[in-house]
Amino acid sequence: MAVQVGSKAPDFTLVNQDRENVTLSEALGKGSVVLAFFPGAFSGTCTKELCNFRDTMSNFSNVNAQVLGVSTDTFFALKAWHDQQKFGFPLLSDYNKEVINKYGVVNPDMIGLKNIAKRAVFVIDKNGIVRYTEVLDDARNEPDYAKLNEAVGQIGK
């Protein structure tokens, strides 16, 4: 079961595309976080979703929120994709599948890919409390950006 609204977000440390450690609790020290789990770098829907985040970053920075993208891809793949798309936020490698399990967003079988991330977003306030979640069972769907932006705007007040 996915982490619920109102609960404390499980802390974690993962490496980003540049092999640097990123810890959720440290990121929350700078403001709220939009934690975006995605199934796979370079895939069509994931590219659309993360490019949407890239292109609307001002919505988040205006309310002191940052995006952290998480997938089970290696940091090598994430680095290539990050450089290609010029994302303005870190992509984190959950290669050992610890964080997708902590957050309850494991897709057991997506067209033969076993135990990868479901598409999911969690809005976490600076105190580490989950304020919004959306977990999609069909990876071809994108999150509801209007609801997500509204949730981010609410915690920025």
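This report describes the nonpolar cores, salt bridges and selected backbone features of a predicted model.

**Nonpolar cores**

The largest nonpolar core holds 24 residues, and those that touch the most other members are Leu24, Leu35, Phe37, Tyr103, Phe122 and Ile124. At least two residues of this core come from each of helix H1 (24–28), strand S3 (32–37), strand S4 (65–71), helix H5 (98–103) and strand S8 (119–124). In soluble globular proteins, nonpolar side chains tend to be buried together.

The surroundings of Leu35 illustrate the packing. When neighbours within four places in sequence are set aside, Leu35 is in contact with Phe12, Leu68, Val70, Tyr103, Ala120, Val121, Phe122 and Ile124. Among these contacts of Leu35, Tyr103, Phe122 and Ile124 are also listed with Leu35 as core residues that touch the most other members.

**Salt bridges**

The model contains nine salt bridges. Three of them are set out below.

| Salt bridge | N to O distance | Relative accessibility |
|---|---|---|
| Asp18 and Lys79 | 3.0 Å | Asp18 35%, Lys79 31% |
| Arg131 and Asp125 | 2.8 Å | Arg131 42%, Asp125 8% |
| Asp138 and Arg140 | 2.8 Å | Asp138 26%, Arg140 66% |

The salt bridge of Asp18 with Lys79, with its closest N and O atoms 3.0 Å apart, links distant parts of the chain: the two residues are 61 residues apart, with Asp18 in the loop between strand S1 (13–16) and strand S2 (21–23) and Lys79 in helix H4. Asp18 counts as partly exposed because its relative accessibility is 35%, and Lys79 is likewise partly exposed at 31%.

In the salt bridge between Arg131 and Asp125, the partners fall into separate accessibility classes. Arg131 is partly exposed at 42% relative accessibility, whereas Asp125, at 8%, is buried because its value lies under 20%. The side chains of Asp138 and Arg140 also meet in a salt bridge; Asp138 is partly exposed, with a relative accessible area of 26%, while Arg140 is exposed at 66%.

**The setting of Thr45**

Thr45 belongs to helix H2 (residues 44–55). Its relative accessible area is 17%, so Thr45 is classed as buried. Not counting residues up to four places away in sequence, Thr45 touches Arg119, Ala139, Arg140, Asn141 and Glu142. One of these contacts, Arg140, is the partner of Asp138 in the salt bridge described above.

**Positive phi values**

Where do Lys86 and Asn115, two residues with positive phi, lie in the chain? Lys86 is in the loop between helix H4 (75–85) and strand S5 (91–93), whereas Asn115 is placed in strand S7 (residues 113–117). Phi of Lys86 is near 55°, a positive value in a residue other than glycine. Asn115 likewise has a phi near 55°, and this residue too is not glycine.

The accessibility of these residues may also be stated. Lys86 counts as exposed because its relative accessibility is 64%, which is over 50%. Asn115 counts as partly exposed because its relative accessibility is 36%.

Conventions
Residues are numbered from 1 along each chain as its sequence is written. This is a predicted model: local features need pLDDT of at least 70, side-chain atom pairs count only at pLDDT 80 or more; totals for chains, interfaces and linings use all residues. Side-chain values use heavy atoms; hydrogens and water are left out. Helices (H or I, at least four residues) and strands (E, at least two) are DSSP runs, numbered from the N terminus. Buried means under 20% relative accessible area, exposed over 50%, partly exposed in between (1.4 Å probe, protein chains only). A salt bridge is a side-chain nitrogen of Lys or Arg within 4 Å of a carboxyl oxygen of Asp or Glu. A nonpolar core is a set of buried Ala, Val, Leu, Ile, Met, Phe, Trp, Tyr and Cys residues joined through side-chain atoms within 4.5 Å. Contact means heavy atoms within 4.5 Å.
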